Amino acid sequence: MSKPKHVAIYVRISKDRKGEELGIQRQEKACRELCARMGWGVFQVYPENDVSASTTSKRRRPQYAQMIRDARDGLIDGIVVYSIDRLTRRISELTHFLEEQKEHGFAFATTEGEDTATANGRMILTIKGAVAQQETERMSERINNSLLQRREHGKPHAGGKRQFGFKEGARFREVDEHEAELIGAGYRMLVGPTQGTPGDVARYWNSQGSTTPHGGAWTIQSVKRVYRSERTGGIVTYKGQDIGDSVYGAPLTRKEWQNAQALLNGRATPAAQGAGKRKHVYSGFLRCGYCGSVMRVQWATIQGRTFRRALCHSGQRGMNGRLGCGKVSRKYEWIEERLDEMIESALSRPSEREEEPAQNLTREISLLESRIQALRSRWRDGRMDDEDYFDALTHLRADLRTLHTREATTAVRRSRTQADPLTVWGDDRPENLERRRAIVATVIDHVDVFSVGRGRRTPPEMSSITITPADGHQERAAEALSADDNGIEDAPHQVSVRGAFRSPAAER
């Protein structure tokens, strides 16, 4: 076999903290000396500085990939590396490299004298590759155990970009008092009686002259990211698992953070943006009484008169998947007035149902936390294997998260029910529209609207709409529609009020 004349030298080092490239320079020098002794001509050097080749690394190696492509294209006829672990620390990648060498016939050599020309040489090379992979995996296990122990002691991961609420360069150990106050104020807006939204919090933070850690203006998504981060609640995680509480301060407590999660998770149907944004309180609640299609509410100008109307559009799909019948077109103002009367009466009447007692989950939570502490003590003392410890910890943490979520949901619901709904309902500003619609959803499931015919000059009869109250409001809705409360004579025998178990979100 002739001597290779176009040899590639591949040099790599995993860590180069100073960036001086001294490691790859030493490797290149040794590889050039080997080529000189063997009479091989050097074609090109492919350096990879500060790049890992272990099984835990997800970074790509562009120089290695380019070298393999050049070997396939016949640009190089030999490859020289310092040692096999510089080439790769993955046994699967080494196997692929040997297959490429066999297929394309390029020479291979290391400064440690490995030989791939014979079966014994390839076997020894494979064994060395397996040893290199094992060394990497054992090192990874030691590092992971060390990191886990730090998390168990309440020390969170200190890397990453600065997060809102923590001081710059403090590695998440010191809280920025001013930003923490803004986070606390935003939390009270979200879970308080005013039923604030992330958009309200963003506007408030912007009005206070606050910016994101990158210097930009606050948006709904950036506010959500702050409250979604476990670090905001002082929660230490490891590989996605809740390990415990941080020994350092945090803008919110664990319970406050969990309340925020329950609130954000409950906003599963956010307000539409742009042209599709709701503009009318009862949009989505009105249905055609004949075909079941969700009716449109829009402005119309007919014979010089401009007004809002609710109509069944013949291009709208109904509940059965068919197009709307187009039989109903009604003035929206009359429907809105009747429904407003019902909502106000329903809200002004206290519920006769006894409130469900709030679940006290403190005892169950304390019991699970004590079990986790006992489990952790056994593991630290060496009386429990790692596999058994992590398996048991995963199940206990899952149960604990479930209890915390239930507790947080109860707390948010309790804080929301303390609000005066009539005050919120009476605020008819455009920015309060979604809050008013949320109140409507607690009282009304949907409203079936029927045609009243053409040319009618008398006011429509109440029987032309059928109101289906939301689950749990049947009795209150019936009372709200009584003639004594609304001042409408003969209304009790004309209005149909039926119980419903469908979600108004499904109708919208």
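The legends below concern a predicted model.

**Figure 1. Packing of helices H2 and H4 in the predicted model.** Helix H2 spans residues 62-72 and helix H4 spans residues 91-104. Their axes come within 10 Å and cross at roughly 20°; H2 and H4 are therefore roughly parallel to each other. The crossing in which H2 passes H4 is left-handed. On the H2 side, the contact is made by Tyr-64, Ile-68, Ala-71 and Arg-72. Helix H4 contributes Glu-93, His-96, Phe-97, Glu-100 and His-104. Sorted by class, the residues of this contact are four nonpolar, two polar and three charged.

**Figure 2. The largest nonpolar core.** This core has 31 residues. Within the core, the residues with the most contacts are Tyr-282, Leu-286, Ile-343 and Ile-444. At least two core residues come from each of the following elements: strand S7 (286-288), helix H10 (332-348), helix H13 (421-426), helix H14 (433-443), strand S11 (444-449) and strand S12 (465-469). Helix H10 gives the most, with eight residues. A second, separate core has 18 residues, including Tyr-10, Ala-71, Ile-79 and Leu-94.

**Figure 3. Surroundings of Leu-286.** Neighbours within four places in sequence are left aside in this view. The contacts of Leu-286 then include Ser-293, Val-294, Met-295, Val-297 and Ala-310. Also in contact with Leu-286 are Tyr-332, Ile-335, Leu-339, Val-447 and Val-449. Leu-286 is one of the residues with the most contacts inside the largest nonpolar core.

**Figure 4. Arg-86 and its contacts.** Arg-86 lies in helix H3, which covers residues 84-87. Buried means under 20% relative accessible area, so Arg-86, at 12% relative accessibility, counts as buried. With neighbours within four places in sequence left aside, Arg-86 is in contact with Tyr-10, Arg-12, Ile-13, Ser-14, Gln-27 and Arg-61.

**Figure 5. The protein chain as a whole, for orientation.** The secondary structure of the chain comes to 17 helices and 13 strands. The chain has 508 residues, of which 43% count as buried. Among contacts in the chain with a separation of 6 or more, 66% are accounted for by residues 24 or more positions apart.

How values were computed:
Residues numbered from 1 in each chain as written. Predicted model: local features only at pLDDT ≥ 70, side-chain atom pairs only at ≥ 80, totals over all residues. Heavy atoms only, no water. Core = buried A, V, L, I, M, F, W, Y, C linked by side-chain atoms within 4.5 Å. Buried < 20%, exposed > 50% of the residue type's maximum accessible area, 1.4 Å probe, protein only. Helix = DSSP H or I, 4+ residues; strand = E, 2+ residues; numbered from the N terminus. Contact = heavy atoms within 4.5 Å. Axes fitted to C-alpha atoms, helices over the stretch in contact; angles between N-to-C directions. Parallel < 35°, antiparallel > 145°, perpendicular 65-115°, else oblique. Left-handed = near helix turned anticlockwise from the far one by under 90°. Nonpolar A, V, L, I, M, F, W, Y, C, P; charged D, E, K, R; others polar.
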